[in-house]
Amino acid sequence: MSVSSGKTVPFLTQEILSHLGLANKTAAWGTLGTLRTFLSFSVDKDVQRLLRAITGQGVDHRAIVDVLTNRSREQRQLISRAFQERTRQASGSAEDVAMEILATRDPSQLQECLTVYKHYFQVEAEEDIKSETSGILRDLLLALAKGGRESYSGIIDYNLAEQDVQALQQAEGPSTERTWVLIFTQRNPVHLIRVFDQYQQYTGQELEEAVRNRFHGDIQVALLSLASVIRNTPLYLADKLHQALQETKPNYRILMRILISQSETDLLSIRAEFKKKFGKSLYSSLQDAVKGDCRSALLALCRAEDI
């Protein structure tokens with residue numbers, strides 16, 4: 001199997017994962033087992049290591065084997081899920097860029113983006129969304145582009161929150177997908193965080209887990225991204241910056257887009273979330289990974305080290 005193609009490379013690790021007791025098999029427990037729970041386990045670090053192992057000049061089989069044969073069944077399941085999400089996201093895809101912009105801009109910023117889009121491309125962004133996407137993903141992106149999300153009035157509507165939780169619980173099957181889109185794109189973030197919390201209280205399951213179980217492909221990725229934005233927009237953008245820096249060659253488009261667009265709004269918050277989650281400052285990460293002419297510009301936008 002060729003491992004040079006970006007499309008085929010992830011399947012090598014997927015194949016290995018499938019043969020390591022991921023699906024409906026009993027793990028080795030007790031004193032007679034050869035595998036134990038890895039005490040210093042980190043899903044993010046393991047997925048990063050696997051991605052580096054398969055995207056370099058050659059496949060680092062030793063790294064793959066080291067990770068996947070030293071993790072318990074439950075830990076491998078978490079790795080598998082995170083790995084699939086990461087490789088499905090295609091961080092430079094048009095859909096991913098559209099989701100990032102439509103979901104993270106406030107109403108005035110979004111309107112400005114749509115106006116500039118029409119000026120440069122002589123077509124409404126909504127028309128391009130209709131022609132380039134389909135199905136429930138198209139509905140979600142169009143709903144975000146319309147900018148119809150409710151603003152927070154300062155009053156919590158407890159009845160509406162309970163109604164939304166019940167609606168999401170009952171919305172199973174293709175005919176009810178639009179219920180999820182409606183609630184995710186129309187309700188204000190404060191209300192939605194309450195809905196997310198109540199959903200977990202009532203079902204014992206995080207809402208993101210329900211999304212993974214009920215949806216697949218692009219719409220799953222889109223809803224998970226939107227949930228991340230709703231919960232913590234700076235953390236969502238910090239994750240995207242980290243992913244861009246972890247690629248074999250840094251993804252300069254993502255780095256420039258986020259650093260430039262957020263430099264006058266919430267880049268300090270993004271820096272704080274980056275340092276808290278990854279244990280290393282964004283400034284130092286840029287210093288280590290970025291080369292060439294744009295290095296000084298990106299560092300200047302980032303501004304300073306976070307101690």
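Arg231 is partly exposed, because its relative accessible area of 33% falls between the limits of 20% and 50%. The model described here is predicted. Arg231 forms a salt bridge with Glu208, and the closest N and O atoms are 2.5 Å apart. This pair links distant parts of the chain: Arg231 belongs to helix H13 (residues 217–231) and Glu208 to helix H12 (residues 207–214), 23 residues apart. Glu208 is buried, with a relative accessible area of 9%.

## Lys277 and Asp239

A salt bridge also joins the side chains of Lys277 and Asp239, at 2.8 Å from N to O. Lys277 lies in helix H16 (residues 267–278) and Asp239 in helix H14 (residues 233–246), so the pair ties together parts that are 38 residues apart in sequence. Lys277 counts as partly exposed, at 43% relative accessibility.

## Glu126 and Lys146

The side chains of Glu126 and Lys146 meet in a salt bridge of 3.6 Å, N to O. Glu126 is in helix H7 (residues 125–132), while Lys146 is in the loop between helix H8 (135–145) and helix H9 (158–170); the pair therefore ties together parts that are 20 residues apart in sequence. Glu126 is partly exposed at 23% relative accessible area, whereas Lys146 is exposed at 58%.

## Salt bridges in the model

The count of salt bridges comes to 18. A network of salt bridges links Asp96, Glu100, Lys240 and Arg257.

Gln198 is found in helix H11 (residues 189–203). Gln198 is buried because its relative accessible area, 10%, is under 20%. Leaving aside neighbours within four places in sequence, Gln198 is in contact with Ala161, Glu162 and Val165.

Definitions and conventions
Residues are numbered from 1 along each chain as its sequence is written. This is a predicted model: local features need pLDDT of at least 70, side-chain atom pairs count only at pLDDT 80 or more; totals for chains, interfaces and linings use all residues. Side-chain values use heavy atoms; hydrogens and water are left out. Helices (H or I, at least four residues) and strands (E, at least two) are DSSP runs, numbered from the N terminus. Buried means under 20% relative accessible area, exposed over 50%, partly exposed in between (1.4 Å probe, protein chains only). Contact means heavy atoms within 4.5 Å. A salt bridge is a side-chain nitrogen of Lys or Arg within 4 Å of a carboxyl oxygen of Asp or Glu.
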